Amino acid sequence: MDALRKQASKLREQVAKQQQAVIKQFGGTGYESSDVMVIDEVEMQRHQQLEKLYRSTRAGKDFQKDIVKAGEAFTAIGYKQIETGTKLSEDCCRYGAENINDNILARAASIYGDGLKNIAKEQEDLNKLLSSQILDPLRAMVTGAPLEDARHLAQRYSRMRHEAETQATEVSRRQARLREAPNPENAARLNVAEAKMKELKANMAVLGKEAAAALAAVEAQQQRLSFQRLVAMVEGERTYHQRIATILGEVEAEVSSCSCFHERFIFIKENLSSCFDL
């Protein structure tokens, strides 16, 4: 009974260790962070480089997703503005047409209604620009194969490094066993462990170089594309607001002209009335 309890306790400990290893390896960033030197200083530098690139590309991806989310919100607001502006434009133009004898207000309503049509067109153009020039390219990169492929290479390297760390411990254990009992069997087992470690080291060198190159290329592309799309967004918004200001300036000038005409008309009418009274 005691033996069964000890075996169950040992099994629980092994499961707990395996769970912790999985959490450590796949939790957080998806790339295992470790300060342990598994092979040598060169490998340690490669590991640190991959960890840095992995974090950088994750941050770049998150930032691109933030831009997409904001762009989608701007577009949704834009469509709501188009809907509201179009409705008000129709109301203003209808009032102007139905109350043409009400000179100044009807004329001002018609002018503003026409201006709102132009504003809605500018808003529609901005939405199209946001969709085609900002959102679509960023979405494509966020979900694109180059990013995922590069990160999968880094994750494979991380798993291989963890395997190498375990194998290095096995080599040390076999070396100690051979020192304690120098016999052909222990020597053979040590040779097998060292051969596996050598194979892991060679594979890690190839995979690490490939993963670093892929991640570095993705990082550069992320930086370049995000910067270009931000510039395009700024330019698009600046152009939009400038055109809206121009449209509203023209509307204001026409409405003011109607107001001045109306005031002169009232002044002349009042003066004529005074003359007739005399």
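Which residue's side chain does glutamate 185 meet in a salt bridge? It's arginine 189, with 2.7 Å from N to O. A salt bridge here is a side-chain nitrogen of Lys or Arg within 4 Å of a carboxyl oxygen of Asp or Glu.

Some ground rules. This is a predicted model, where local features need pLDDT of at least 70 and side-chain atom pairs count only at pLDDT 80 or more, while totals for chains, interfaces and linings use all residues. Residues are numbered from 1 along each chain as its sequence is written, and side-chain values use heavy atoms, with hydrogens and water left out.

**Salt bridges**

Side chains of opposite charge can pair when their charged atoms come close. Searching the whole structure turns up 13 salt bridges. Back to the opening pair: glutamate 185 and arginine 189 sit four residues apart in helix α5 (residues 184–277), so about one helical turn separates them. Helices are DSSP runs (H or I, at least four residues), numbered from the N terminus. Elsewhere, salt bridges with shared partners tie Glu72, Asp136 and Arg139 into one network.

| Pair | N to O distance |
|---|---|
| Glutamate 185 and arginine 189 | 2.7 Å |
| Arginine 94 and aspartate 91 | 2.7 Å |
| Aspartate 114 and lysine 117 | 3.9 Å |

Arginine 94 and aspartate 91 are both in helix α2 (residues 41–98), three residues apart, which is about one turn of the helix. Aspartate 114 and lysine 117 are also three residues apart, about one turn, in helix α3 (residues 103–142).

How accessible are these side chains? Relative accessible area sorts residues into buried (under 20%), exposed (over 50%) and partly exposed in between, using a 1.4 Å probe and protein chains only. Glutamate 185 is partly exposed at 46%, and arginine 189 is partly exposed at 36%. Arginine 94 comes in at 42%, partly exposed, and aspartate 91 at 25%, partly exposed.

**The nonpolar core**

A nonpolar core is a set of buried Ala, Val, Leu, Ile, Met, Phe, Trp, Tyr and Cys residues joined through side-chain atoms within 4.5 Å. The largest one has 40 residues, and Leu50, Ile134, Leu138 and Leu215 touch the most other members. The elements giving two or more residues to this core are α2, α3, α4 (145–180) and α5. The top contributor is α5, with 18 residues.

Take leucine 215. Setting aside neighbours within four places in sequence, leucine 215 is in contact (heavy atoms within 4.5 Å) with Leu50, Leu53, Tyr54, Thr57, Ala150, Arg151 and Ala154.

**Helix α3**

**Cysteines**

How many disulfides are there? With a disulfide taken as a pair of cysteine sulfur atoms within 2.5 Å, the count is zero. Cysteine 92 is in no disulfide, as the nearest cysteine sulfur, in cysteine 93, is 6.8 Å away. Seen from cysteine 93, the closest cysteine sulfur is that of cysteine 92, and 6.8 Å is too far for a bond. Cysteine 92 counts as buried, at 13% relative accessibility.
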